[in-house]
Amino acid sequence: MAAEAPDLRPGRTVVEVRGLVKEYDGGIGRRARGRGGVRAIDGVDLVTEEGEYLVLLGPSGCGKTTLLRTIAGLEQPTAGDVLINGQVVTGLPPRARKIAMVFQSYALYPHKTVLANIVFPLRAAGMARPERERKARWAAELLGIEHLLGRKPRALSGGERQRVALARALVREPDVFLLDEPLSNLDAKLRASARDELKRFQQDVGTTTIYVTHDQVEAMGLGDRIAVLSAGKVRQVGKPMEVYDDPADTFVATFIGSPPMNLVPRDDQLVGFRPEHLLPESAFAASVDREKVPLAVDRIEYLSGDRHIYGTVTGIGKPTRVVSRLPATVDTPVTAGETYDFAVARDRLRFFSAETGLRI
Amino acid sequence: MSAVREAEVARTPVRLPAARRRFADREGTLAWLFLMPSVVYILVLVGVPFVLAIGFALSDVTAGDPSYDYVGLRNFRRIFDDPVFWRSLGNTFIFTGVSMVLIVVLGKVLANIMIANFKGKWIVRFLVLLPWTTPVTLSSIAWLWMLDSIYSPIDWVLRQVGLLGKPGDLLGSGSNMYWLGEPGLAMASVITVHVWRLTPLAAVIMMAGLMAIPRDLEEAARVDGAGYWRRMFEVTIPLVLPVAAVAALFGTIFTFTDMAVVDVLTNGGPNNATQVLTSWAFFRGIDGGDVGQGAAIALFLFPILLAAAIAILRAVRRMEVG
Ligand SMILES: Nc1ncnc2c1ncn2[C@@H]1O[C@H](COP(=O)(O)OP(=O)(O)O)[C@@H](O)[C@H]1O
Ligand SMILES: [Mg+2]
């Protein structure tokens with residue numbers, strides 16, 4: 001498809017949302033009890049670039065699906081605008097927006113064959129039969145599902161359904177793909193390979209994609225950029241490395257990373273550092289500028305070759321329980337019940353306001 | 001308890017007391033027990049009358065002479081010679097066919113209205129269900145007054161808006177329409193009342209079918225660019241078809257075998273214009289006392305209904321499996 005779209009200009013915005021607010025009125029019961037509506041999206045500004053893979057990441061209930069549905073036109077925003085290719089599409093129905101969406105459930109039409117599912121958007125667009133059959137076969141070949149074209153969705157596995165849903169989205173040659181947790185219905189093993197396939201698929205077709213997930217591993221692995229959402233607000237937008245290394249606030253710091261960033265209160269600040277940066281003194285080269293911290297170890301876990309060391313640090317600020325992650329290459333002996341000299345490189349420390357949680 | 005004894009206890013398989021397994025675990029026995037009431041019910045209230053009807057249809061039993069003499073198919077030959085029978089048969093098909101089309105279409109429309117989200121939808125649902133909750137004899141009597149030859153409020157409204165009553169008016173210069181007195185109008189009236197009565201049930205069944213469709217599918221179709229009618233005919237209707245087919249089957253059999261509306265409104269008249277097979281069977285068999293003929297008329301439709309039921313149920317099964 002990339003070849004068929006000559007005006008491919010990196011840097012061109014495809015989807016843009018401005019000051020988007022979506023409030024659900026919450027139904028009769030809620031209104032009767034005098035409570036207001038639910039603010040599912042609370043003033044979101046976002047811009048995607050041509051060909052970009054933007055991941056919306058956040059805990060369950062933070063408004064990711066609502067944001068995606070508002071972009072698709074399935075929900076009307078309470079305030080704010082949605083722009084696609086520079087044109088305001090707020091108020092337009094989904095079919096006028098040149099978008100394709102893959103639902104969490106895949107939403108394949110159960111009474112139609114795979115082929116009929118894939119050509120459905122083309123028939124709706126009034127495309128002639130030979131043309132749409134050709135398109136459908138092209139999409140099916142790209143996704144490796146040619147042998148399934150005659151089947152009904154119920155005779156497909158989860159992974160096959162996902163590919164059919166992608167093919168149905170692909171044939172429309174949309175300006176943007178909207179994917180809502182497309183991997184969450186797959187089992188853990190399949191998920192890893194499907195993630196890989198999704199990424200390669202997107203690189204092949206080069207279409208701008210907005211991908212919703214609550215799984216930080218998916219987000220880090222797939223996203224060109226990640227937008228971290230919480231309670232209807234965007235907390236930070238950035239490349240996976242930026243979001244991980246330079247979190248904008250304590251929410252992002254603790255939501256991303258496993259185990260999450262350690263936060264130690266000091267005066268009116270919180271001092272943050274990642275578990276893999278809290279290492280035994282002996283593991284540092286002598287030249288590294290570092291902050292020494294005694295760690296009273298109380299528990300050790302072995303997880304896929306790493307050691308996760310739980311204990312209490314003193315010295316940085318108030319005594320706080322923290323985690324250290326020692327890679328297999330650090331073989332300093334550590335036993336529970338002892339206190340050791342650990343350290344954090346000074347340039348790895350991040351400081352947050354204790355009051356607002358924002359980065360200082 | 002010592003560690004040794006604990007280990008022993010764990011090793012000995014625990015056997016439940018036999019009495020506790022005996023009853024609740026015998027699914028075969030339980031199944032029969034639970035099925036018994038409905039089996040008895042069907043045998044006594046459906047099976048016996050059915051066999052009796054076959055017996056009577058082949059006999060010369062009348063109200064005046066209840067002695068049983070086997071006469072073969074004579075009753076059937078006689079009803080086939082009776083023009084009223086053929087008229088009733090035709091009326092039955094018109095009555096059922098027109099009613100069912102109207103009931104299914106109106107039921108779908110009402111169901112769509114009922115699932116839509118708007119303020120005060122509970123009152124619409126309540127009003128829709130009202131006709132179904134009213135006893136048929138009661139509502140038919142209300143309709144009898146609505147369609148009265150002299151005092152009909154419908155006629156009054158027509159006169160007020162200037163469609164009826166004066167020379168040159170659209171519906172004629174007579175002061176009344178005589179809804180139940182004109183053959184064509186009588187049939188239309190009977191159909192209208194029947195539709196009015198059964199549509200709520202159809203709407204509720206369809207509503208259940210519509211609500212069972214995942215919302216995602218409708219939304220996927222919208223994103224895929226399908227307009228209202230394409231979504232309706234390519235997504236919604238195919239997915240409610242199994243439910244709608246069962247509703248239609250039920251409605252058809254119900255309509256074929258129901259004579260309440262006809263009996264109360266027109267009693268088959270005028271001049272048999274609204275006579276249907278059930279009312280004709282009742283008229284011949286019970287009012288007229290010719291039990292054999294009444295049974296023969298009533299049985300005439302049985303093979304047709306059976307075939308239709310089997311065909312529809314098989315079609316539904318195929319749709320669901322496919
Ligand atoms: N149709 C709706 N009516 C009322 N509240 C809703 C509706 N859809 C979502 N919400 C609420 O909006 C918030 C965000 O929901 P959602 O966007 O589905 O979250 P996510 O996809 O991030 O898990 C939740 O608090 C949810 O309860
Ligand atoms: Mg969601």
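Let me begin with a definition: a salt bridge is a side-chain nitrogen of Lys or Arg within 4 Å of a carboxyl oxygen of Asp or Glu. By that rule, B:Glu234 forms a salt bridge with A:Lys112, and the closest N and O atoms are 2.8 Å apart.

Before going further, some conventions. This is a predicted model, in which local features need pLDDT of at least 70 and side-chain atom pairs count only at pLDDT 80 or more, while totals for chains, interfaces and linings use all residues. Residues are numbered from 1 along each chain as its sequence is written, chains are lettered from A and ligands numbered from 1 in the order in which they are written, and side-chain values use heavy atoms, with hydrogens and water left out.

Now to the interface. How many salt bridges does the rule find across the interface of chain B and chain A? There are four. The rule for polar contacts (a pair of N or O atoms within 3.5 Å; within protein, one must be able to donate a hydrogen and the other to accept it, and residues adjacent in sequence count only if both atoms are side-chain atoms) finds nine residue pairs across this interface, both residues being at pLDDT 80 or more.

On the chain B side, the elements giving two or more residues are α10 (215-223), α11 (228-256) and α15 (302-321) of chain B. Helices here are DSSP runs of H or I of at least four residues, strands are runs of E of at least two, and both are numbered from the N terminus. With eight residues, α10(B) gives the most to that side.

In total, 20 residues from chain B and 24 residues from chain A take part in the contact, where contact means heavy atoms within 4.5 Å. The two chains bury about 2,000 Å² between them, 54% of it on carbon and sulfur atoms; buried area is the accessible area (1.4 Å probe) that two parts lose on being put together, summed over both. In chain B, the residues that lose the most area to chain A are B:Val223, B:Asp224 and B:Glu234, together 32% of what that side buries.

Turning to the model as a whole, it holds 32 salt bridges over all chains. One of them joins A:Lys22 to A:Glu75, with the closest N and O atoms 3.8 Å apart. This pair links distant parts of the chain, 53 residues apart: A:Lys22 is in strand β1 (residues 13-24) of chain A, and A:Glu75 is in the loop between α2 (64-72) and β4 (79-84) of chain A. Both residues are buried, that is, under 20% relative accessible area, with exposed meaning over 50% and partly exposed in between (1.4 Å probe, protein chains only). A:Lys22 and A:Glu75 also belong to a network of salt bridges with A:Arg69, B:Arg215 and B:Glu219.

Finally, the cores. A nonpolar core is a set of buried Ala, Val, Leu, Ile, Met, Phe, Trp, Tyr and Cys residues joined through side-chain atoms within 4.5 Å. The largest has 47 residues, and A:Met101 and A:Leu178 are among those touching the most other members. Leaving aside neighbours within four places in sequence, A:Met101 is in contact with residues including A:Arg69, A:Leu178 and B:Val223. Apart from this core lies another, of 45 residues, among them A:Leu108 and A:Phe255.
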